[in-house]
Amino acid sequence: MKPFDLAPVTESDLNDVREFLIPHERFCTALTSLFAGRPEAESPARFSLPASGRCGILRHRTEIIGVLYISPSGLVYHCLPLSTFSPDEREQIAALCAAFPKGSAVSSIVGCFEASRFLERCFKLCPKEARFYKLMCADTQAENEGGRTERDVHRSEPSPRSFPNGLSVRRCRSEHAPFLFPLVKAYYEEEVLPSWMSVDDETLKLLTAGRLRTQFMFGLELPDGSFAATAGTNNLGIHCAQLGGVYTLPSFRRRGCASFLLRRVCEELRSRGYSPVLFVRSENKAALALYEGCGFCVCGKYAISYY
């Protein structure tokens, strides 16, 4: 038997894949969410093969050491903890990854920094644009730089139910889509799309409708029904929920809106058994301060590259 092997994931592998992903889930929530397969946000995880794309399982003899997923559009998600392998072993793994059938040209690689750069070299890619992030976790066992645990932060700073200026937190549903769209579009333009892409309104409306159904989205609602700020989840794994779409209208910034809303979102997720995680651009000092103030701490490096 070869010491390393990379083969397509089958139904019979699913229990082993689940047990492998759970300890690493905070670092690969998006990948885990593909297997969790929730048709709606409140649905229980059913852990099944992703509905589309190609998924490979990397083994060292009989032990799973990695999972690789490539979507039909060439988006790559991965869980490849490489730190325990020697340079020679990494070369063997690289050869397997390079030979894995992709189905289409790689358009983006998303995941932890070290493994993302490793795959980029495997696929012999040069990014048009690369963005670097800090991965942040709000695990109750994670310790902040000040020495308090995340649980201590939330115990000492309980979240009120209503914002002092009369705004209130709303769990957003499909009927709120028109009011959320301006914030979602601005968020995509500022934080998501690479510099050479522009927002397609109709595509983004469809994505927003899907997210309202399959994710938890919240808004800080004004008396007229519009929203000053929004935050929610992008991916729901087994035990982790990846936050995203945290955006406040410029006219409402520096008033504590994002902090207030984020604390409420995290409370809701914890009540449902999720540990919140997120990633934030390394150079975004204001956002880093916001998340640290809400009890998050840095737990790794993350990257998104576009090709």
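A nonpolar core is taken here as a set of buried Ala, Val, Leu, Ile, Met, Phe, Trp, Tyr and Cys residues joined through side-chain atoms within 4.5 Å. In this predicted model, the largest such core has 30 residues, and Leu 243, Tyr 291 and Phe 296 touch the most other members. Two or more residues each come from β8 (217-221), β9 (227-236), β10 (240-248), α8 (257-271), β11 (275-281) and α9 (285-293).

Leaving aside residues up to four places away in sequence, Tyr 291 touches Met 136, Val 246, Leu 262, Leu 278, Val 280 and Phe 296. Apart from this core sits another one of 25 residues, with Val 9, Cys 55, Tyr 77 and Ile 304 among them.

Now for the rings. The model has nine aromatic pairs. One of them joins Phe 4 and Phe 85 edge-to-face, at 5.8 Å centre to centre and with 65° between the planes. This pair ties together distant parts of the chain, 81 residues apart: Phe 4 belongs to strand β1 (residues 4-8), while Phe 85 is in the loop between β4 (75-79) and α3 (87-99). Both Phe 4 and Phe 85 are buried. Tyr 291 and Phe 296 also pair up edge-to-face, with 6.1 Å between centres and 70° between the planes. Tyr 291 counts as buried because its relative accessibility is 9%, under the 20% cut-off; Phe 296, at 1%, counts as buried too. Elsewhere, Tyr 133, Phe 279 and Tyr 302 form one aromatic cluster.

Lys 128 lies over the face of Trp 196, 5.3 Å from the ring centre, and Lys 205 lies over the face of Phe 181, at 5.5 Å.

Technical notes:
Residues numbered from 1 in each chain as written. Predicted model: local features only at pLDDT ≥ 70, side-chain atom pairs only at ≥ 80, totals over all residues. Heavy atoms only, no water. Buried < 20%, exposed > 50% of the residue type's maximum accessible area, 1.4 Å probe, protein only. Helix = DSSP H or I, 4+ residues; strand = E, 2+ residues; numbered from the N terminus. Contact = heavy atoms within 4.5 Å. Phe/Tyr/Trp six-rings, centres within 6.5 Å; stacked < 30°, edge-to-face > 60°. Lys NZ or Arg CZ within 6 Å of the ring centre and 35° of its normal.
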